[in-house]
Amino acid sequence: MYTVYGKNECPACFKVKMCLDLLGKEYEYKELDKDFTVEEFEEKFPNVLSLPQVVLDGKTLGNANETLKYLKEHRLN
């Protein structure tokens with residue numbers, strides 16, 4: 001299952017969620033300051049500054065562009 005770490009009013013976060021919805025992929029959305037803190041984010045994703053960050057079954061896919069690239073490359077699987 002996908003886990004999306006994002007924040008409120010984030011266009012890139014919305015875009016990733018919309019793509020996952022359109023593809024019928026199950027995901028859990030975790031929102032900054034509601035489900036995790038900045039400190040927890042920095043601990044989970046060291047040296048990463050951008051949201052969203054997407055994880056699939058424990059493997060970090062990356063930011064919105066990296067995730068959309070992954071989805072495009074794996075759309076038939």
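Helices here are DSSP runs of H or I with at least four residues, numbered from the N terminus. All views show a predicted model.

**View A. The largest nonpolar core.** Twelve residues make up this core, namely Tyr 2, Val 4, Val 16, Cys 19, Leu 20, Val 54, Leu 56, Leu 61, Ala 64, Leu 68, Tyr 70 and Leu 71. At least two residues of the core come from each of β1 (2–6), α1 (11–22), β3 (53–56) and α3 (64–73), and α3 gives the most, with four residues. Apart from this core lies another one, of six residues, which include Tyr 5, Leu 32, Phe 36 and Val 55. In soluble globular proteins, nonpolar side chains tend to be buried together.

**View B. Contacts of Leu 68.** When its neighbours within four places in sequence are left aside, Leu 68 is in contact with Lys 15 and Cys 19; Cys 19, like Leu 68, belongs to the largest nonpolar core.

**View C. The buried and exposed residues of α1.** Cys 13, Val 16, Cys 19 and Leu 20 are the buried residues of α1, and because they fall within an arc of 130° when seen down the helix axis, they line one face of the helix. Pro 11, Phe 14 and Leu 22, on the other side of α1, are exposed. The buried residues of this helix pack against β1, β2 (27–31), β3 and α3.

**View D. The span of α1 and the residue that follows.** At 1.5 Å a residue, the twelve residues of α1 should span 16 Å, which agrees with the 16 Å between its end C-alpha atoms. Gly 24, which follows α1, has a positive phi, near 70°.

Notes:
Residues numbered from 1 in each chain as written. Predicted model: local features only at pLDDT ≥ 70, side-chain atom pairs only at ≥ 80, totals over all residues. Heavy atoms only, no water. Core = buried A, V, L, I, M, F, W, Y, C linked by side-chain atoms within 4.5 Å. Buried < 20%, exposed > 50% of the residue type's maximum accessible area, 1.4 Å probe, protein only. Contact = heavy atoms within 4.5 Å. Expected span 1.5 Å × (residues − 1). Arc of directions from axis to C-beta.
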